[in-house]
Number of protein chains: 2
Amino acid sequence: MDIPFATIERLAIYVRCLRHLKEKGVKKISSFEMAINTRTTPEQVRKDLSYFGKFGKTGEGYDVETLLKKLDKILKTKRKWNVAIIGAGSLGTALSRYKGFKEVGYDVKALFDIDPEKINKKTNGIPVYHIEKFGEVVDKENIEIAIVAVPTEAVSDIEGILAKSKIKGILNFAPVTLNLKTRRKIVILDVDLTQKLYIISYLIKNKWEE
Amino acid sequence: MDIPFATIERLAIYVRCLRHLKEKGVKKISSFEMAINTRTTPEQVRKDLSYFGKFGKTGEGYDVETLLKKLDKILKTKRKWNVAIIGAGSLGTALSRYKGFKEVGYDVKALFDIDPEKINKKTNGIPVYHIEKFGEVVDKENIEIAIVAVPTEAVSDIEGILAKSKIKGILNFAPVTLNLKTRRKIVILDVDLTQKLYIISYLIKNKWEE
C-alpha cells in the first residue's frame with residue numbers, strides 16, 4: 001500500500017497527541033478534537049486513519065489506548081532503534097542530550113567528530129569517536145539511524161563515509177542536500193530549522209498585519 | 001484567500017530549494033525537477049503555486065530567480081525579524097549559534113534563563129537575561145518571535161510571561177503544547193524532534209524490511 005508521505009507525517013503527530021491524552025487519563029477522542037490538537041481537519045484525520053483499516057465507530061470517537069497501540073505498530077515506534085550523531089558541535093551535543101529521544105525508543109549510542117579535543121571522551125555519557133571509526137562502530141553497536149549535525153562545509157566529507165556504512169536512515173540537520181548516489185536505499189529526511197521560522201513569519205503576517 | 005497550511009510548509013521548502021539552485025547558477029526549473037528536489041509530486045508543485053497566480057509558461061519551466069522573489073514576498077522572508085530564545089540550555093544555545101537563521105533574516109537578539117551563572121553574560125555574543133526581564137527586552141529590541149527551548153517542567157512558568165508580552169509568534173521545541181489562553185492571536189508552531197525519527201523508522205521499515 002502506498003501511503004502518502006504527508007499522512008505518515010501526521011501519524012507521527014497523532015502518536016504524540018495520543019501519548020499526552022493517555023498520560024492525562026483521557027479514554028476517548030473524536031476526530032474533531034484530534035484535529036484541533038494536531039492542527040488539521042476532522043476529515044483529514046479520518047482519511048489518514050482509513051488507510052490502515054477501520055478504527056472506532058461513527059459517533060463514538062476513537063479509543064485512545066487502542067488507537068495509540070495501532071499507530072505505534074504502524075510506525076514501528078515500539079521497537080528500539082540505535083542512533084549515531086555525526087558532529088559533536090553545539091547542535092549535535094544538544095541533540096545527544098535531548099531526553100525525548102530515549103523516552104520513545106531512540107538510543108544515541110555514539111557521537112562522531114574530527115576534533116582531537118572531543119574524541120575518546122564522553123559527552124553526556126555517550127562516547128565520541130573519530131569519524132574514521134564510523135563504519136566499525138555502526139557495525140558493533142547495530143546502529144541503523146544517523147543524525148547529521150555537521151556544518152555545511154563538512155557535509156561532502158561525510159557523504160562517502162555514510163554511503164559505505166550499514167546505516168539505513170539519515171536525519172539531516174545540515175542545510176544542504178546529502179548526495180549518496182552509491183546507496184540509494186538509504187532513507188534521508190532533511191530537518192530545516194529555518195523552514196519553521198518562515199512559516200511562523202507567514203502566519204504572523206497573515207494574522208497581525210492584514 | 002485561505003491557503004492550506006501544508007502548502008505554506010511546502011512553499012518554505014521550495015524557497016530553500018530555489019536558493020540552492022540560484023547559488024549554483026541554475027536559471028530554469030520544471031515542476032518535475034522541483035518535485036524531486038523537494039520530495040513531492042509535480043502536480044502538487046503546480047497546485048501549490050497556483051494559489052498565488054500564474055508562474056511560468058507550460059513546458060518552459062519556472063524562472064528560478066523570479067519564482068524565488070515571488071515566494072520570498074509571499075512568505076515575507078525578505079523582512080528582518082528579531083527573535084528571542086527562552087532557555088539557555090544546550091538546545092537554546094545550539095539554536096543561538098545556528099548560522100542559518102541570520103542568513104535568512106532572523107536575528108537572535110536575546111537569550112533568557114533563570115540560572116544566575118548564565119544571566120548577564122553573553123553566549124555567542126548574545127546577551128542572556130533573567131526571564132523576568134522578558135517583556136521589557138521584547139519591547140526594547142522589537143522582538144516579534146520567541147523560540148521556546150526549556151525543559152517540559154519549565155513550560156508552565158513561561159506561559160504567563162509569553163501571554164503578557166508583545167510576542168507575535170512562538171516556535172516551541174518543548175515536547176508539550178503551550179497553553180496561552182489569554183492571547184489567542186499569538187501564532188504557535190511546535191517543532192517535534194522525535195516526529196522526524198518516527199518518520200525515518202517508518203520509511204526504513206518499509207524500504208528495508210518488507
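Predicted model: local features only at pLDDT ≥ 70, side-chain atom pairs only at ≥ 80, totals over all residues.
Contact here means heavy atoms within 4.5 Å. A:Ile13, A:Tyr14, A:Cys17 and A:Leu18, all in α1(A), meet A:Met34, A:Asn37 and A:Thr38 of α2(A). By residue class, this contact of α1(A) with α2(A) comprises five nonpolar and two polar residues, with no charged ones. Two packed helices are described by the angle between their axes and the distance between the axes. For helix α1 (residues 5-23) and helix α2 (residues 31-38) of chain A, the angle is about 105° and the axes lie 10 Å apart. α1(A) is therefore roughly perpendicular to α2(A).

In an unreviewed entry, UniProt lists residues 13-52 of chain A as "DNA-binding region". In the model, 70% of that span is helix and 5% is strand, and its end C-alpha atoms are 16 Å apart.

A:Glu43 and A:Arg46 form a salt bridge in which the closest N and O atoms are 3.7 Å apart.

Turning to chain B, helix α2 (residues 31-38) packs with helix α3 (residues 42-50) at an angle of about 105°, their axes being 8 Å apart. The angle means that α2(B) is roughly perpendicular to α3(B). On the α2(B) side, B:Ser31, B:Phe32, B:Met34 and B:Ala35 take part, and they meet B:Pro42, B:Val45 and B:Arg46 in α3(B). The residues of this contact of α2(B) with α3(B) are five nonpolar, one polar and one charged.

The two chains also meet each other. The size of an interface is often given as the accessible area lost when the parts come together. Between chain A and chain B the buried area is about 6800 Å², and carbon and sulfur atoms give 68% of this. Of the area that chain A buries against chain B, 12% comes from A:Arg16, A:Tyr198 and A:Trp208, more than from any other three residues.

How many salt bridges cross the interface of chain A and chain B? The rule finds zero there, although a search of the whole structure finds 16 salt bridges over all chains. The A:Glu43 and A:Arg46 pair described above is a salt bridge with both partners in chain A.

Notes: Residues numbered from 1 in each chain as written. Chains lettered and ligands numbered in written order. Heavy atoms only, no water. UniProt positions renumbered as here; feature names shortened; annotations may be inferred. Helix = DSSP H or I, 4+ residues; strand = E, 2+ residues; numbered from the N terminus. Axes fitted to C-alpha atoms, helices over the stretch in contact; angles between N-to-C directions. Parallel < 35°, antiparallel > 145°, perpendicular 65-115°, else oblique. Nonpolar A, V, L, I, M, F, W, Y, C, P; charged D, E, K, R; others polar. Buried area = accessible area lost by both parts, 1.4 Å probe. Salt bridge = Lys/Arg side-chain N within 4 Å of Asp/Glu carboxyl O.
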